[in-house]
Amino acid sequence: MRFAGETAAVTADTPEARRYNRVRRWLEVGDFGLGLVFLGVILFTGWSGVLRDWSYWAAFQNYQLSVFLYVFLLMLAGKLLGIGLEYYGLRLERRYQLSNQKTSSWLWDETKSFLVALIFGSVVAELLYFTIRQSPEHWWIIAWGLFLVLFVVMAQLAPLVLFPIFYKFEPLENEDLKQRLVRLSDRAGTQVRGIYKWHLSEKSKKANAALTGLGATRRIILADTLLDHYSPEEIEAVLAHELGHHVHRHILKSMFVQAGITLFGFWAANFVLHMAIEQWHMFDTLSDFANLPLLVLVSTTLSFVLMPAMNAYSRFNERQADRYAFRAVKSVQPFISSMNKLATQNLAERTPSRWVEWFFHSHPAISRRVAAAEAWKLQDGQPEVSARVLGPV
Ligand SMILES: [Zn+2]
């Protein structure tokens with residue numbers, strides 16, 4: 001039994017952590033709201049049509065080139081509108097000593113992320129309007145198929161091509177940690193291709209770890225901010241958690257869920273587009289790319305509505321990976337201390353309010369993860385039991 005006061009002392013959040021997380025949430029909501037207003041305004045004032053006409057003119061009436069110019073102008077306007085809030089986000093991280101990134105480095109990152117988004121955005125838009133023109137009846141289902149292929153290719157290439165644009169990665173040299181992962185993997189009868197050191201400290205003081213990639217690019221990445229400040233046992237607990245995601249095939253399962261939602265999204269986009277043409281008389285044809293903001297509006301609204309469900313699903317996966325880690329390591333104590341360290345280092349709320357966790361959090365609250373580990377220690381944490389549980393895995 002624990003005294004109530006003792007629990008409170010361990011799990012209470014500082015006013016600083018509360019304030020920081022509250023402002024961050026408002027920033028997220030503000031950014032989302034601004035995006036909706038932007039899309040609404042350019043759709044309902046007819047500015048989207050003006051932008052389309054201008055793109056046609058500048059592209060000498062070439063359809064593909066005008067789609068690209070339109071996407072470029074739309075994204076540029078969106079970026080310029082939102083950059084103030086993003087800069088405020090950087091200032092916030094600095095104010096709470098969570099970031100040491102210089103403004104010039106941040107600007108360079110913003111430029112790179114704009115270019116990456118532009119490449120993706122224009123590829124998706126070109127594919128979309130190509131299918132619409134080829135098959136106005138079934139475009140949404142064909143586009144969904146193409147989107148899935150793109151999605152799988154990107155999941156595979158992201159660790160090799162996308163992440164290195166923003167951070168340096170290198171194979172982990174630490175022999176002790178590599179051995180620990182090999183032992184964990186062997187016991188699980190599985191294999192992760194590698195562990196990589198993620199040079200996060202150049203930009204952030206927060207710690208993080210993740211399982212990324214697909215197939216041959218599957219790897220665990222560990223931030224240097226974690227490697228430098230956590231004990232080998234604590235890092236092993238984090239590795240075991242990431243391995244849990246791998247063993248439970250969480251990336252693949254999430255992709256299936258995402259595929260289902262995207263199919264519904266494309267269907268809904270087709271439905272709304274037909275309404276906009278036939279009922280509201282906003283556009284003449286499906287292939288009029290001035291309707292792109294409407295498609296973005298449909299997908300943003302859908303992801304907003306589904307956010308609590310997606311986060312609940314993610315929290316379910318996180319709990320599963322945690323339980324895997326409890327079974328895989330000798331003692332859950334390093335897991336508990338790593339969680340507490342993470343909360344302090346990242347200024348995370350250990351005990352967010354229920355609705356905040358329900359709506360915003362992709363991970364269970366730290367207090368709950370620690371409580372689950374404590375419960376495990378009391379009930380099932382005997383070494384002989386964990387060995388038995390692990391046996392047939
Ligand atoms: Zn996780």
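This report walks through a zinc site, some salt bridges, a helix contact and a nonpolar patch in one structure.

Keep in mind that this is a predicted model, where local features need pLDDT of at least 70, side-chain atom pairs count only at pLDDT 80 or more, and totals for chains, interfaces and linings use all residues. Residues are numbered from 1 along each chain as its sequence is written, and side-chain values use heavy atoms, leaving out hydrogens and water.

Let's start with the metal. The zinc ion is held by His-241 (NE2), His-245 (NE2) and Glu-318 (OE), at 2.0 to 2.1 Å. Donors here are N, O and S atoms within 2.8 Å of the metal (3.2 Å for Na, K and Ca), and since water is not among the atoms, sites may look incomplete. Along the chain the donors follow the pattern H-x3-H-x72-E. Both histidines sit in helix H9 (residues 232-247), four residues apart, or about one turn of the helix. Helices are DSSP runs of H or I with at least four residues, numbered from the N terminus. His-241 counts as buried at 6% relative accessibility, and so does His-245 at 9%. Buried means under 20% relative accessible area, exposed means over 50%, and partly exposed is in between (1.4 Å probe, protein chains only).

Now for the charges. The whole structure has 20 salt bridges, each one a side-chain nitrogen of Lys or Arg within 4 Å of a carboxyl oxygen of Asp or Glu. Here are three of them:

| Pair | Closest N to O |
|---|---|
| Arg-52 and Asp-53 | 3.1 Å |
| Glu-234 and Lys-341 | 2.9 Å |

Glu-234 lies in helix H9 and Lys-341 in helix H12, so this pair ties together parts that are 107 residues apart in sequence. Glu-234 is buried at 7%, while Lys-341 is partly exposed at 32%. Glu-349 and Arg-18 also belong to a salt-bridge network with Asp-13 and Arg-25.

Next, a helix contact. Ala-259 is in helix H10 (residues 250-278) and is buried at 10% relative accessibility. Leaving aside neighbours within four places in sequence, Ala-259 touches Trp-144 and Leu-148; contact means heavy atoms within 4.5 Å.

Finally, the surface. Ile-119, Val-123, Leu-127, Ile-141, Ile-142 and Leu-146 make up a nonpolar surface patch, with about 460 Å² of accessible area together. Such a patch joins nonpolar side chains (Val, Leu, Ile, Met, Phe, Trp, Tyr) within 5 Å, from residues with over 30% relative accessible area and no salt bridge; like charges are joined within 9 Å. Helices H5 (103-134) and H6 (139-162) each supply at least two of the patch residues.

Note on methods:
Accessible areas come from the Shrake-Rupley method with a 1.4 Å probe; for residues, only the protein chains shown count as cover.
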